[in-house]
Amino acid sequence: MNTTVHPLLARRTSGVLLHITSLPGPHGCGDLGPAARHFVDWLAAAGQSLWQVLPLSPAGPGNSPYQSVSAFAGNPLMVDLDDLVRQGWLPWTARQGFDHHRCDFERVAPWRMACLRKAWNGFAERASEECRAALDGFCTEHAHWLDDYALFMVLDERYGGPWSRWPQPLAHRDPAALDEVRAQSAHALGFWRFVQWRFWVQWQGLRDYARSQGVQVVGDAPIFVAHHSADVWAHADQFLLDERMEPNVVAGVPPDYFSPTGQRWGNPLYNWDAMAHHGYRWWKDRLAHQFRQVDIVRLDHFRGFEAHWEIPASEPTAVAGQWQTGPGLRFFEAITDELGPLPIIAEDLGLITPEVTSLREACGFPGMRILQFAFGSGPKNPYLPHNLERHAVAYTGTHDNETTVGWWNSAPIGERHSALDYLGPCIATEPHWTLVRAASQSVVNTVVVPFQDVLGLDTRHRMNTPGMATGCWEWRFEWSQVNHEPAERLAAMTRAHGRWPEH
């Protein structure tokens, strides 16, 4: 395959990492409404050309978008309710007094879902023929995933999870049993299709607006999917499941410096032989769908395509796991043969072997370099700015890390001394801007800064702590926190980044 870096990632550019739900707004969590366009305007004013988001899929347990019921569906909580009011389908609803500093999903989710159901009923009663035709067209175009997703959600509401414990004819997808559900649940199925249609229309409108302002969107594709998902239910033969349709092995990572028992994620593992037999059809459809939504994809846990940590499902931790070979280059060759050159950022963090690096380089994908990781192991640390390579993406931190201010405040004394020696005393007073400046002055083509670091926020504003089941994914900001200074400073630093010659 062509090992050349994709043109979108081969130029000097910079951007900001901010998830949709973190946006301001009156309805309890950020959505695809006016605040999203206002943020695009802010990015353009700050000289940024990338907006990186986290997975757009429905959130799962712990409000994590990495444990979703679908790898294809959009998150219903991101649907702009005011748009539904303007369409005449949803009566105006009084504000609920939600917290503006965090997403209180326990309150927000049921209220928003109730609003969406009212909108569906309003659509069913009052929609124009043109709108009905648009919905029908969307359903036909997306039927390859939408039909299974809608059916799964109807059954999930009826029986709960996991799907492997549903009545056997439904768990095993007996055609007659599924036809009976379809016949009984036409209105309920229509609701889930309607919500996905509105998400798609609103998202494409936002993406078009971003493009008009010179901003491209970086999306996120988790490598694994949740067992309780439409994807595993509809394609059970392509996952490693036992006779009860339960995972017999699950995903995770081995013990390391950060965790003596490793991380047991619990996702089912792919049956890569079965996927190869089907020509990787599910993955081709998934990535094709994703590239219709975003311009660039961050491919999560890239090392899992070279080798993944396989844990017996009966084990409570990741200690007893073992490495198993992944699909390797043949997988990416098959995807590229169908989709063409892939604008992918490989998330190559964690235990990275020479084999993983060789696979990434053979694919032409830039890797990720986190500056918060740079100061713990001497001058050969690969994350130090002078060791970065041109075809890489530099981050001050990610959604899984401390904010940079939080990192500095809690860093071991040895790391703090190393950072002071390397970057000078400015790291002690403005750690966030110091790392932004260091990334921008390096040779990397692409720099991405979490919005918390642009605002100089501390650990209270962290997005996610891996392994923590509650209290994550809730952070939001308010426009009152955003004045002209962050935009001006970010623009100045990344203008300097942009003046580097391109080769």
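Biologist: What makes you say that both faces of strand S6 are covered?

Modeller: First, a caution: this is a predicted model. Strand S6 spans residues 296–299. Ile296 and Arg298 lie on one side, Val297 and Leu299 on the other, and all are buried. Buried means under 20% relative accessible area.

Biologist: How do you know that S6 pairs with strand S3?

Modeller: Pairing needs at least two bridges. S3 (residues 216–221) and S6 have 4 bridges, in the parallel sense. So they count as paired. Asp220 has Arg298 of S6 as its bridge partner.

Biologist: What joins S6 to strand S9?

Modeller: 3 bridges do, and the strands run parallel. S9 covers residues 344–346. There, Ala346 stands opposite Leu299.

Biologist: Why is Arg198 called buried?

Modeller: Its relative accessible area is 6%. The cut-off is under 20%, so Arg198 is buried. Arg198 sits in helix H8.

Biologist: What does Arg198 touch?

Modeller: Leaving out residues up to four places away in sequence, Arg198 touches Val79, Asp83, Leu84, Gln87 and Trp89.

Biologist: Why is helix H3 called roughly perpendicular to H8?

Modeller: H3 (residues 105–126) packs on H8 at an angle of about 105°, with the axes 10 Å apart. Angles of 65 to 115 degrees count as roughly perpendicular, so the word applies to H3 and H8. The contact includes Met113, Leu116 and Trp120 of H3 and Phe191, Trp192 and Trp197 of H8.

Biologist: Which residues of H5 are buried, and what covers them?

Modeller: Among the buried ones are Trp145, Leu146, Tyr149, Phe152 and Asp156. Their cover includes helix H4 (129–141), helix H7 (175–184), H8 and helix H11 (281–293).

Biologist: How many residues are in the largest nonpolar core?

Modeller: That core has 161 residues. Phe39, Trp42, Trp51, Trp163, Trp283, Phe305 and Phe451 have the most contacts inside it. Helix H8 (residues 186–212) gives the largest share of this core, 11 residues.

Notes
Residues numbered from 1 in each chain as written. Predicted model: local features only at pLDDT ≥ 70, side-chain atom pairs only at ≥ 80, totals over all residues. Heavy atoms only, no water. Core = buried A, V, L, I, M, F, W, Y, C linked by side-chain atoms within 4.5 Å. Buried < 20%, exposed > 50% of the residue type's maximum accessible area, 1.4 Å probe, protein only. Helix = DSSP H or I, 4+ residues; strand = E, 2+ residues; numbered from the N terminus. Contact = heavy atoms within 4.5 Å. Axes fitted to C-alpha atoms, helices over the stretch in contact; angles between N-to-C directions. Parallel < 35°, antiparallel > 145°, perpendicular 65-115°, else oblique.
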